[in-house]
Amino acid sequence: MNFAFDRPYLLVIIPLLIPCLFILLRFLKPLFTLAAPLGPPGGIYFKAPPRSGLPGKLFFVMEVIAVSLLLVAAAGPHFSYTETIWLNRGADIIFVMDISPSMAALDMNGRSRFETARDLIRDFAVRRPSDSLGLAAVGEEAVLLVPLTTDRESFFTRLDSLFIGELGDGTALGMGLGIAAFHINKSNAPRKAVVLITDGENNAGAVHPETTAALLGEMGISFWVIGVGSSGEVPVNYLDPVTKMRRTGTFESHYDEQALENLAKKGNGTWISATSGDAFSSAFKQLDQAEMTVRKSGIIRHNEPFQFYFIAAGFFLLLAARFFRINVLGAFL
């Protein structure tokens, strides 16, 4: 956002204002002033009382500042900013994110699977401003947290407030994919994709994941399965949402990669194994390149006028100066 003026040349008058008024009052005003004695001929001319000196100068300064503010307002101050308008629609992508407790495992270059997934989704959203993104979460239940939207603020707000174990200890992969399929099927975007991020097997919900994966394939929706995590003993650290106690320790990490790979094949999709933070990041780069769409944009410039405050301040100072001249100095004008 920038601050600018419509008529900046008027600002040149401001530094000339005080010298011009000084010349006017000092040299030109006496030429047009008629001295009239008070009293009989030869009497004493009227002189301003001594107390009018300093207050008079103060009120004069107030008037100069007021006129300067009005000149600034006449120059047309405004804030200007640009807005990017997307001229075509991007891809529609729904992320189905596993938030079971095992996603708290710290094997993504020292960070948890959950935190790494959340950061990668955020980075992906920033790089793809023209895409509509949705977010579903999978635990013992599955829910759509954010419907497809280009509103990044609302998307990030819900993504950042998501936490481990929010939906229980299970992993209802089939339900999560079913919710994503239902909502993305209504889309008319040029590209549509569902991205499943999980470190476990389906063990909850009434729908088998291969059933919904096959449905995605029949719909012609791009399907991605990213398996997160390493095998072996892995440290874990998270806050239990039920007991409000912090859970720390280690657990034996393993999941059936073959089952997740078969799930991806069932939906004519892509399977990626992300056993480390670097591999996880590479998976998102692959997703970004594969789901790229042609982006056409335009720029609109907006101007917001800002002269009201200068006008209000200028008139306030003028009225204040007039008021004090009349009530303090006893002036008529």
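Ring pairs link F95, F124, F280 and F284 into a cluster, where rings of Phe, Tyr and Trp (its six-membered ring) pair if their centres lie within 6.5 Å, and planes under 30 degrees apart count as stacked, over 60 as edge-to-face and the rest as tilted. The structure is a predicted model, in which local features need pLDDT of at least 70 and side-chain atom pairs count only at pLDDT 80 or more, while totals for chains, interfaces and linings use all residues. Residues are numbered from 1 along each chain as its sequence is written, and side-chain values use heavy atoms, with hydrogens and water left out.

**The whole protein**

The secondary structure comes to 9 helices and 11 strands; helices (H or I, at least four residues) and strands (E, at least two) are DSSP runs, numbered from the N terminus. Of the 333 residues in the protein, 41% are buried, a word that stands for under 20% relative accessible area, whereas exposed stands for over 50% and partly exposed for what lies in between (1.4 Å probe, protein chains only). Among contacts (heavy atoms within 4.5 Å) between residues at least 6 apart in sequence, 80% join residues at least 24 apart.

**Aromatic pairs**

A search of the whole structure finds 7 aromatic pairs. In one of them, the rings of F95 and F124 have their centres 5.6 Å apart and their planes at 85°, so this pair is edge-to-face. F95 belongs to strand β3 (residues 92-98) and F124 to helix α3 (residues 113-127), so the pair ties together parts that are 29 residues apart in sequence. Both F95 and F124 are buried. Another pair is formed by F155 and F156, whose ring centres are 6.0 Å apart and whose planes stand at 65°, so that this pair is edge-to-face too. F155 is buried, with a relative accessibility of 0%, and F156 is buried with a relative accessible area of 13%.

**Helices α3 and α4**

How do the axes of α3 and α4 cross, and within what distance do they come? The axes of α3 and helix α4 (residues 152-161) come within 11 Å and cross at roughly 175°, where axes are lines fitted to C-alpha atoms, for helices over the stretch in contact, and angles run from 0 to 180 degrees between N-to-C directions. That angle makes α3 roughly antiparallel to α4, since angles under 35 degrees count as roughly parallel, over 145 as roughly antiparallel, 65 to 115 as roughly perpendicular and the rest as oblique. On the α3 side R118, I121, R122, A125 and V126 take part, and they meet R152, F155, F156, L159 and D160 in α4. R122 also lies over the face of F156, at 4.1 Å from the ring centre; a charge sits over a ring if NZ of Lys or CZ of Arg is within 6 Å of the ring centre and within 35 degrees of the ring normal.

**Helix α7 and what follows**

Which residues of helix α7 (residues 257-266) are buried? They are L260, L263 and A264. Seen down the axis of α7, these buried residues fall within an arc of 100°, so they line one face of the helix; the arc is that of the directions from the helix axis to the C-beta atoms. What covers them includes α5 (173-184), β6 (192-198), α6 (209-219), β7 (222-228) and β10 (270-274).

After α7 comes N268, whose phi is positive. Most residues other than glycine have a negative phi. N109, which is not a glycine, also has a positive phi, of about 55°.

| Residue | Phi | Place | Relative accessibility |

L70 has its place in helix α2 (residues 53-74) and is partly exposed, with a relative accessible area of 25%. Although L70 and A312 are 242 residues apart in sequence, they are 8.8 Å apart in space, C-alpha to C-alpha. Not counting residues up to four places away in sequence, L70 touches I311, G314, F315 and L318.

D288 is found in helix α8 (residues 277-290) and is buried, with a relative accessible area of 13%. Leaving aside its neighbours within four places in sequence, D288 is in contact with F124, R127 and R128.
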